[in-house]
Amino acid sequence: MTEEPESTVEVAELVRAAAGGSTAAWNELVDRFSPLVWNICMRYKLSAADASDVSQNVWLRLTERLDTIREPAALAGWLATTARRECMRTFRGHHGEVPTAFDVDVPDSAERTDPDRELLALERREAVLAALGELPERGRTLLLMLAGDPPRSYREISDALDIPIGSIGPTRARYLERLRRSPALAGFGADTGYATANGGEQR
Amino acid sequence: MTSDWLSDDDLLLAEIGAAAAATGPVPDAVITAAKAVFELRSLDEELAMLTYDSVADAELAGAVRSERLAVRSLVFGLGDVSLDVDVLADSLVGQLHPPLPGTIVLESPTRPPLRAEIDELGMFSLPMVAPGDVRFRVEPRESGDASAFVTQWTRI
C-alpha cells in the first residue's frame, strides 16, 4: 500500500516562515485558521460587512504579532481572543452594551434550552476548528468531506483526494488521532486545555 | 477525564460537522482580504502599541449604556513617546508627546494615505474617514528616521 505524501509542516514553522517574510506560509495560515476566526464572527450578531471588518482587523494585527507567537496553541488562542474582543467591541458599538452568551447564535435549537450545554457546544466547536487548523490541507479536506451532511461517499473522496478507497478508513483514523493530540483539544473536558489557556490570553 | 465526543471517532466527526455547519463557508472575499494584509506588515519599524482605548476600558470596567462616552480616546505608546488620538464625529484630532513637528500619516488597507502637519505643540487634525482599520505613521521633520514610528492597526 502506498503511503500518501503529505505536508508535515507544523503551525509553528508556518508562523516562523511568515515572520521571515514568506507569503506562501502566511496564505497557508489564513487557509488553516480563517474558519476559526469566521466562526467567532458568526456567533455575534454582526452584519456580513462587520464580520468581514473584524476578520480583516484580526489578520492585520497578526502581522504585527508574528514574532511573538511561538506555538500553535498560542496562535489559535490569540486569534480567537482577538476576534472575540473585536466582535464584542463592534457589538457594543451598535447596541451600547456588552453581549451576553445568549446573544450569540447557535443553530441547533435543542441546545438553546440549556445555557450550559449551549456554551459547551460553542467552546467545543471553537476548539475543533482550532485543532483542524493544525492538520495539513489533505487531512482537513478528508475529515470535512466525511463530516459533511450528508457525508461524501468514499468514491467521491477517493477521486477528490486521489487516494485508494481502501486507505480512506485508515487515513480517517490517523487524522482523527492527530486531531485528538492537538494542543487545542488535548485535555478537553478536564481543567486544562484550549478553553482555559485561551481565557488567560492577553493582547 | 476525556469526553466521549473526543474519544469516539464517529462522535468526533459529528463535532467537526457541527462546527463546519455552524461556521458556514468563509466567503472568498474574506480569505482574499486576510491574505492581502500580509503586504501591509511593517518591516523594521518601531511599533507603538495601543495602551489605552476608552471603549475597551469602559467594557473592562463594566460600564453600562448611560456611561458611554461620546468621544473615543486612543493612546499609543512607544517608550517615553505617546500619541493621543480622539475620534470625533468629523475628524481625528491628537497630540504627540513630547511634541516633535513633522507629518502624521493616516494609513488604511484600502484607501490612499492621508497626511497632516504635526505643529510645534505636537497637535494635529485629520479628517474623519469611513470606519475600518487605520494606523498612524509619525514622521518627524528634523530628526529623520530615528524617531519615526508607526502605530498598531486599530479599527475605528
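**Figure 1. Order of the secondary structure elements in chain B.** From the N terminus on, the elements of chain B in this predicted model follow the order α-α-α-β-α-β-β-β-β-β-β-β-β-β. Altogether, the secondary structure of chain B amounts to 4 helices and 10 strands. Chain B has 156 residues, of which 25% count as buried. Where contacts in chain B join residues at least 6 apart in sequence, 46% of them link residues at least 24 apart.

**Figure 2. The contact between chain A and chain B.** Chain B contributes 40 residues to the contact and chain A contributes 46 residues. On the side of chain B that touches chain A, the elements giving two or more residues are α2 (9–23), α3 (28–36) and α4 (54–60) of chain B. Helix α2(B) supplies the largest share of this side, 12 residues. By class, the residues of the side of chain B that touches chain A comprise 24 nonpolar, 7 polar and 9 charged.

**Figure 3. Packing of α6(A) against α2(B).** The contact of α6(A) with α2(B) consists of 7 nonpolar, 1 polar and 3 charged residues.

**Figure 4. The largest nonpolar core.** This core has 64 residues. Those with the most contacts inside it are A:V37, A:C41, A:L79 and A:A83 from chain A, together with B:I16 from chain B. Helix α2 of chain A (residues 23–43) provides the largest share of this core, 11 residues.

**Figure 5. The surroundings of A:L79.** A:L79 is among the residues with the most contacts inside the largest nonpolar core. When its neighbours within four places in sequence are left aside, A:L79 is in contact with A:F33, A:L36, A:V37, A:V58 and A:L62. One of these partners, A:V37, is likewise listed among the residues with the most contacts inside the largest core.

Technical notes:
Residues numbered from 1 in each chain as written. Chains lettered and ligands numbered in written order. Predicted model: local features only at pLDDT ≥ 70, side-chain atom pairs only at ≥ 80, totals over all residues. Contact = placed C-beta atoms within 7 Å. Nonpolar A, V, L, I, M, F, W, Y, C, P; charged D, E, K, R; others polar. Core = buried A, V, L, I, M, F, W, Y, C linked by C-beta atoms within 7 Å. Buried ≥ 20, exposed ≤ 12 C-beta atoms within 10 Å, placed from the backbone.
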